[in-house]
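Biologist: I have a model open and would like to learn how to read it. Can we go through it feature by feature?

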Protein chains: 2
Amino acid sequence: MGVNSNRVEDFSSHRINTESVMPGMEIHTVCLSPKKTTLQKLKQRLSEIFFPDDPLYRFKNQTWRQKLILGLQFVFPIFQWAPEYRLKLLRSDIISGLTIASLAIPQGISYAKLANLPPIVGLYSSFVPPLIYAILGSSSHLGVGPVSIASLIMGSMLSETVSPRDEPILYLKLAFTATFFAGLFQASLGLLRLGFVIDFLSKATLVGFMSGAAVIVSLQQLKGLLGISHFTSKMQFIPWSWQTIVMGFSFLVFMLTTRHIIGHLPKGLNPPSANMLYFSGPDLELAIKTGIVTGILSLTEGISVGRTFAALKNYQVDGNKEMMAIGLMNMAGSCSSCFVTTGSFSRSAVNYNAGAQTAVSNIVMATAVLVTLLFLMPLFYYTPNVILGAIIISAVIGLIDYQAAYCLWKVDKLDFLACLCSFFGVLFISVPMGLGIAVGVSVFKILLHVTRPNSLVMGNIKGTQIYHSLSRYKEASRVPSFLILAIESPIYFANSTYLQERILRWIREEDEWIKANDRSPLKCIILDMTAVTAIDTSGIDLLCELRKMLEKRSLKARLSPNQSHLALVLANPVGSVMEKLHQSKMLDSFGLNGIYLAVGEAVADISAMWKSQPDFPEDCNETRQCKETKR
Amino acid sequence: MGVNSNRVEDFSSHRINTESVMPGMEIHTVCLSPKKTTLQKLKQRLSEIFFPDDPLYRFKNQTWRQKLILGLQFVFPIFQWAPEYRLKLLRSDIISGLTIASLAIPQGISYAKLANLPPIVGLYSSFVPPLIYAILGSSSHLGVGPVSIASLIMGSMLSETVSPRDEPILYLKLAFTATFFAGLFQASLGLLRLGFVIDFLSKATLVGFMSGAAVIVSLQQLKGLLGISHFTSKMQFIPWSWQTIVMGFSFLVFMLTTRHIIGHLPKGLNPPSANMLYFSGPDLELAIKTGIVTGILSLTEGISVGRTFAALKNYQVDGNKEMMAIGLMNMAGSCSSCFVTTGSFSRSAVNYNAGAQTAVSNIVMATAVLVTLLFLMPLFYYTPNVILGAIIISAVIGLIDYQAAYCLWKVDKLDFLACLCSFFGVLFISVPMGLGIAVGVSVFKILLHVTRPNSLVMGNIKGTQIYHSLSRYKEASRVPSFLILAIESPIYFANSTYLQERILRWIREEDEWIKANDRSPLKCIILDMTAVTAIDTSGIDLLCELRKMLEKRSLKARLSPNQSHLALVLANPVGSVMEKLHQSKMLDSFGLNGIYLAVGEAVADISAMWKSQPDFPEDCNETRQCKETKR
């Protein structure tokens with residue numbers, strides 16, 4: 001597989017000397033990328049797939065002792081920020097920690113109810129997971145706890161099979177098992193550096209998905225909401241600070257003055273629940289499925305929230321490390337009576353606005369919840385069901401983001417379609433199906449773009465070497481005898497047939513235009529390959545076939561004077577395309593006068609060539625190395 | 001949704017006058033595409049998806065009478081070539097027709113056996129379908145008949161459920177029903193102009209798929225092949241002409257001298273079989289599934305073969321019309337005792353080499369088969385099974401295209417992987433699963449390219465306005481204070497996170513390089529958007545976030561002198577990207593000094609600006625319109 005790069009770099013010697021024709025214009029040769037073995041290429045490709053952020057760059061050129069410290073900091077980010085922790089940060093952290101605790105208590109109870117779990121589980125879930133996240137997590141502002149979407153999905157998926165009222169113990173077991181698998185799934189994604197899996201849940205599909213889920217829950221809860229529709233409906237959007245603490249206490253007072261009873265809330269810390277996990281039995285599949293769906297959803301929320309606030313404070317959150325932190329925290333949670341938790345948007349926003357500086361605010365929150373669990377539990381004995389309903393609806397109503405949907409409609413109709421599909425999929429089919437449809441539509445969108453890529457005719461912008469779309473730029477003008485086509489996509493099996501038809505149609509239309517306007521006949525087609533970022537074997541066949549067809553046209557042209565000779569040249573192929581052209585021997589047929597560094601150079605060189613040797617395109621009739629496609 | 005295009009085209013007025021700084025250098029404004037309504041855009045998009053070849057262009061500016069004639073010619077291409085048919089073409093067509101007939105008879109018998117059908121069905125299938133194709137088809141060189149791959153798949157899929165030996169009538173019924181559904185599926189694809197569906201079977205996956213299928217069949221037939229392994233093993237590759245006819249007759253003689261009996265072959269024309277189709281019952285699903293799989297495979301072969309020979313003779317084959325022709329011919333075939341037929345590669349190659357000029361050669365072949373069916377049938381009474389085995393193996397061995405596989409390995413490792421997957425999928429799992437895996441791998445390849453796009457640092461090629469990859473071009477050199485990044489992919493939800501990490505890493509690495517080499521600090525990042533052919537809402541968020549992060553860095557920079565100010569500008573966004581930036585209001589934040597027509601202009605303009613107003617990047621701190629991502 002020796003790359004005969006001399007052959008390629010020698011182009012220049014075959015180029016005619018244009019200096020005499022156009023003084024000052026130098027034609028540059030197109031290079032191949034530096035030679036690499038298959039193994040080197042594989043290594044580079046894999047490191048781009050799995051380690052795009054080069055996570056070990058800090059370890060370069062360090063002593064062993066420093067590497068050990070760095071390694072410890074890498075696995076436990078707490079070692080990174082704890083030694084630098086100053087007492088003056090503590091004040092902010094305590095305030096923000098107490099603030100989110102005051103949010104965590106009613107939210108925890110409501111979300112547990114959303115998942116059809118005993119309310120106390122919601123409080124337990126605000127105690128253990130934040131502590132573990134504080135040790136492992138790399139975000140300083142993430143407020144950890146149960147979130148509406150995951151709770152909601154867990155509730156609706158599990159209760160389809162097991163009734164939480166008739167079989168409460170089995171249901172609880174299933175919930176903890178699902179939480180365990182959610183954590184296992186999340187941690188594995190992080191460990192295997194497959195973080196990009198969650199990238200396939202696009203924002204558009206998530207908007208639709210969450211809205212659909214929110215509508216379902218709101219309808220379910222609506223019966224509980226009689227007359228108290230305005231309570232806390234803005235909860236997620238109020239700028240929180242010390243006022244919030246006051247609100248939290250007011251809520252406690254309010255609870256004491258109402259009468260409806262949510263049931264007995266036991267005093268005391270999280271009881272262990274490892275014995276409640278089960279790894280066999282008929283419902284194991286359901287638990288795993290629920291775990292994966294809730295795991296991926298909570299991961300998406302946690303990581304995107306972490307990234308949002310990290311961007312605001314200009315630090316970076318390592319996606320894969322976050323996955324491991326969230327995953328381990330859920331696995332630990334499943335053994336201490338917690339259900340699925342992650343970085344919550346509302347809690348993190350409150351945390352950030354209340355001035356949180358480090359993960360200490362999570363520790364403060366956990367401590368506040370601890371105190372509540374130990375001493376204040378009887379207060380919640382009186383939490384009215386109707387208020388829980390209100391909290392739930394207000395939380396999920398916030399998930400119906402019609403503004404985002406409108407924005408999608410305005411900016412991208414296909415994104416909006418994806419959003420609609422996932423909305424109705426969740427609403428009328430089922431949660432996993434809705435999620436599946438959502439991902440399917442997003443993937444379809446990518447494929448559609450690849451299958452039907454844009455191609456356009458370019459013209460020269462006067463006085464420059466810039467070539468641009470004729471339809472977009474009035475300043476751009478056609479170059480006589482040239483048809484310059486830009487193809488805006490990789491050339492793949494999925495679009496090579498389309499592109500062939502489309503290019504031939506461009507040529508046909510150009511011919512017609514020339515005939516109608518009585519211009520000089522078409523003599524050369526330049527394909528601007530700048531945006532052709534990849535090519536596969538079908539794409540190479542396309543180029544080959546196209547050249548062959550235009551060549552046949554040239555042969556015909558000798559007989560009938562109506563059709564002109566047609567040469568096909570490529571401008572600016574990117575590195576990977578160039579390499580493939582070389583490996584497939586296409587370069588040998590294209591090489592001599594067929595590949596240029598830029599459209600401008602191609603135009604200049606070929607024009608010069610026409611002047612010096614008027615029958616240039618006959619050059620193209622040399623033997624082609626294209627093999628015929630055999631099926 | 002009014003596009004405020006004045007706002008955008010007014011950029012130039014905000015640009016500082018660079019004429020004084022760089023005489024002769026004019027900075028151009030970036031335009032939006034011409035304004036279009038949503039409906040217009042939808043119309044254009046749909047016509048690109050379904051009518052890329054603009055099939056009705058001939059109808060423009062014609063009288064009604066001409067439109068009628070053109071319409072007739074459009075639906076029945078025979079009206080296009082028949083009026084111009086000259087007797088001197090007839091000689092070539094008769095020779096080629098007889099030649100392919102001599103191939104059709106043994107092939108038909110063998111392929112019918114491959115599908116576990118009575119041998120006579122193979123002959124019937126070389127009579128009706130070619131006649132129908134001659135009327136409807138647009139290729140002049142396609143030789144129509146049963147093909148190995150579809151016969152093989154039909155045989156193996158049907159006989160998994162129904163034994164052809166124990167229930168021959170049911171099996172036959174199933175085969176005709178599957179043929180009907182294959183035709184229906186093909187014709188619908190053509191009618192709905194969904195021809196691009198077959199594009200998803202890439203050449204790479206087909207190579208693997210066919211090889212796997214061939215290995216299965218060869219193993220099945222091997223027992224029949226005792227000692228006669230060299231007979232006709234080169235059959236597909238011999239240059240055919242009049243010699244072939246001689247060979248055909250020799251074959252007849254050979255058959256008469258051998259003794260093994262294949263069974264009774266009834267004299268007479270195709271009996272009707274419409275009454276054997278059934279549209280209910282337990283095996284209907286199997287028939288439909290078999291129909292779709294064989295339909296899509298035979299379509300792929302037929303269309304790619306048609307295109308190959310059309311390219312050689314420089315005419316065009318309309319994919320969607322071909323689908324309808326092949327589909328209708330199969331539907332008609334299923335009612336006249338034929339099984340799945342299509343344009344066969346071997347038959348078409350023979351037809352082409354024997355000098356066929358029009359579809360008349362198919363009519364001649366059908367006539368020759370007719371004569372055979374009426375008068376010569378008893379001759380075939382003695383066709384030896386062992387020879388059929390040899391024909392079958394020689395046909396399918398030709399499908400194992402190890403050269404193509406080697407070529408894939410050399411040019412594209414991922415294509416080779418797709419090929420391997422489909423090979424082993426078919427061999428060890430099942431035919432539909434193998435096909436599914438094959439398509440899955442191909443799609444995965446596209447997604448991988450989108451998920452992990454290439455990005456590279458560019459430098460200026462001295463003395464030009466061309467900017468190119470630093471790693472590929474030794475002539476390219478860095479522009480001090482600038483980091484010019486090219487992104488080689490659309491920016492989508494699936495890669496926005498990756499790209500953000502990657503771009504920040506490029507900046508970090510550049511900073512380190514600058515520190516190590518003591519160069520002038522980084523002041524501006526130019527994203528070359530030429531190859532960013534599309535952007536979605538997540539992509540816009542990425543740009544927004546990136547700007548925000550670099551802005552924060554600028555704020556920090558005032559406090560610590562180690563980090564420099566950083567501006568982010570875009571160069572050469574394509575039409576659709578520009579439009580989305582505008583619709584999402586990103587343009588308003590980027591607009592003033594943020595978008596340039598080309599990298600060269602950006603560098604010139606910004607350098608000039610730095611000279612005239614040294615604290616330029618402070619500009620960037622104007623209020624952003626980016627909304628925070630809310631989840």
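Modeller: Start with helix α23 (residues 575–583) of chain B, in a predicted model. Seven of its nine residues are buried, so this helix is mostly covered. Buried means that 20 or more other C-beta atoms lie within 10 Å of a residue's own; exposed means 12 or fewer, partly exposed is in between, and C-beta atoms are placed from the backbone. Helices here are DSSP runs (H or I, at least four residues), numbered from the N terminus.

Biologist: Which are the buried residues of α23(B)?

Modeller: They are G575(B), V577(B), M578(B), E579(B), K580(B), L581(B) and H582(B). After α23(B) comes K585(B), with a positive phi near 70°.

Biologist: What about the numbering and the confidence limits?

Modeller: Residues count from 1 along each chain as its sequence is written, and chains are lettered from A and ligands numbered from 1 in the order written. In this predicted model, local features need pLDDT of at least 70 and side-chain atom pairs count only at pLDDT 80 or more, while totals for chains, interfaces and linings use all residues.

Biologist: Is N517(A) buried or exposed?

Modeller: N517(A) is exposed, because 8 other C-beta atoms lie within 10 Å. N517(A) belongs to helix α21 (residues 493–517) of chain A. From N517(A) to G539(A) is 22 residues in sequence and 34 Å in space, C-alpha to C-alpha.

Biologist: At what angle do α18(A) and α19(A) cross?

Modeller: Axes are lines fitted to C-alpha atoms, for helices over the stretch in contact, and angles run from 0 to 180 degrees between N-to-C directions. Helix α18 (residues 402–411) and helix α19 (residues 413–428) of chain A cross at roughly 140°, with axes that come within 6 Å. They are therefore oblique to each other: neither under 35 degrees (roughly parallel), nor over 145 (roughly antiparallel), nor 65 to 115 (roughly perpendicular).

Biologist: Which residues make that contact?

Modeller: A405(A), L408(A) and W409(A) come from α18(A), and K413(A), D415(A), F416(A) and C419(A) from α19(A). Contact means C-beta atoms, placed from the backbone, within 7 Å.

Biologist: How are two copies of a chain related?

Modeller: By a rotation about an axis and a shift along it. Here chain B is laid on chain A by a turn of 180° and a shift of 0.0 Å along the axis, with an RMSD of 0.1 Å. That is why the relation is a two-fold axis. The superposition is by least squares on C-alpha atoms of residues with pLDDT of at least 70 in both.

Biologist: How many residues of chain B are in contact with chain A?

Modeller: 89 residues of chain B touch 90 residues of chain A.

Key:
Two residues are in contact if their C-beta atoms, placed from the backbone, lie within 7 Å. Helices (H or I, at least four residues) and strands (E, at least two) are DSSP runs, numbered from the N terminus.
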